[in-house]
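Hi,

Here is the structure I promised to pass on. Have a look at it first, and my notes follow below.

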Amino acid sequence: MYLDNAVAPGTSMYCFSVYMADTGSDGKTERPDELNLLRAAHDRKMGIFACEQWGIFSDVAGDLKPGVPFVAVDDADGDFHILKRKETGTWINTGLHTQVWKAIRAAGDYKRADWVVKVDCDAVFLPSRLRPFLASQGEPGSGVPGIYLENCKYVKWGWFGNLEIMSLTAADTLFPNIEWCKQVLDWKTGVEGGKYGPMGEDLFAQSCLDAMGVRRGGAFDTVLDAACEADRPEAEKKNKKWRPDCTEKKTAAYHPMMKVADYVKCYEKTVDAFGY
């Protein structure tokens, strides 16, 4: 999808989200209501729908709303449903995302943007708050194939999946090299001999970008993420159930908000507190 309200060069975004219909969950672990979260964002023209261009991808065919279809991708490599996360019992999403990246490349719409931004369905995202930060960023010099922006401090791999930001050049480096990375990176085992389990799509993509020589940058103040220990208040550092209030500070994203009511409330509270 493409909007006509283009912004100044250097800050335009192609934003996308991935709705996984078959999560593999046994129902015992709380899961985000991804489909209805996307619908709530679309109704309010917020989140990815406030970007210059956007896309919705899924493992199933269907519509977000009448006339707003998902882009369905096929399990071409047979790896959508082969590995699960130990802590949640849900499918490792790397296979699905590799097909999504290929679909984005094939469609080519992302080429009209300066940045490619993947947003989790349960992340409350305000693109207008990200633009001033992106305006301060620049592509590395010649010979460096782009930059991606980590969002979690004090960890070895800080490109967490709720808000994955990479430059157009970085995307043009990642997308054609997906198959090479799947062959070379032992994503089914994971880093450090499988210490943390198989690679999710964010760690896989970061490892692939690193292998391609894409530069790491930092965007640590653009998101408040409960999954990132550094983002939690001092008294909540070890509390994985902590959730942002959405009024602690003005950021471009808050994560996670798994229920539609909490998602909408977060959006309204942060806009009331800080504006857009």
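To start with the cysteines: is C228 buried or exposed? C228 is buried, with a relative accessible area of 0% (buried means under 20% relative accessible area, exposed over 50%, and partly exposed in between, with a 1.4 Å probe and protein chains only).

Before the rest, a word on what you have: this is a predicted model, where local features need pLDDT of at least 70, side-chain atom pairs count only at pLDDT 80 or more, and totals for chains, interfaces and linings use all residues. Residues are numbered from 1 along each chain as its sequence is written, and side-chain values use heavy atoms, with hydrogens and water left out.

Disulfides

There are four disulfides in the structure, a disulfide being a pair of cysteine sulfur atoms within 2.5 Å. Counting bonded cysteines along the chain, the pattern is 1-2, 3-6, 4-5, 7-8.

C228 is joined to C152, S to S 2.1 Å, and the link is right-handed, with 90 degrees about the S-S bond. C152 sits in the loop between β8 and β9 (163-167) and C228 in the loop between β11 and β12 (253-255), 76 residues apart. (Helices, H or I of at least four residues, and strands, E of at least two, are DSSP runs numbered from the N terminus.) C152 is buried too, at 3% relative accessibility.

C15 and C51 form another disulfide, with sulfur atoms 2.1 Å apart. The torsion about their S-S bond is about -75 degrees, so this one is left-handed. C15 lies in strand β1 and C51 in the loop between α1 and β2, so the bond ties together parts 36 residues apart in sequence.

C181 and C208 are also paired, sulfur to sulfur 2.0 Å, in a right-handed link with 75 degrees about the S-S bond. C181 is in helix α5 (residues 178-184) and C208 in helix α6 (residues 201-211).

And C121? The closest cysteine sulfur to its own is in C15, 13 Å away, too far for a bond. C121 is buried, at 5% relative accessibility.

Salt bridges

The count comes to 18 salt bridges, taking a side-chain nitrogen of Lys or Arg within 4 Å of a carboxyl oxygen of Asp or Glu. R216 has a salt bridge to E150 (3.2 Å, N to O). R216 lies in strand β10 (residues 215-218) and E150 in strand β8 (residues 147-150), so the pair ties together parts 66 residues apart in sequence. E150 is buried at 9%, whereas R216 is partly exposed at 34%. R216 also forms a salt bridge with D210, the closest N and O atoms being 2.8 Å apart.

Leaving aside neighbours within four places in sequence, I165 is in contact (heavy atoms within 4.5 Å) with residues including W115, Y148 and T222. T222 is in the loop between β10 and β11 (223-225) and is buried, with a relative accessible area of 6%. A polar atom of the T222 side chain lies 2.6 Å from the backbone oxygen of A219.

Cheers

Conventions. A polar contact is a pair of N or O atoms within 3.5 Å; within protein, one must be able to donate a hydrogen and the other to accept it, and residues adjacent in sequence count only if both atoms are side-chain atoms.
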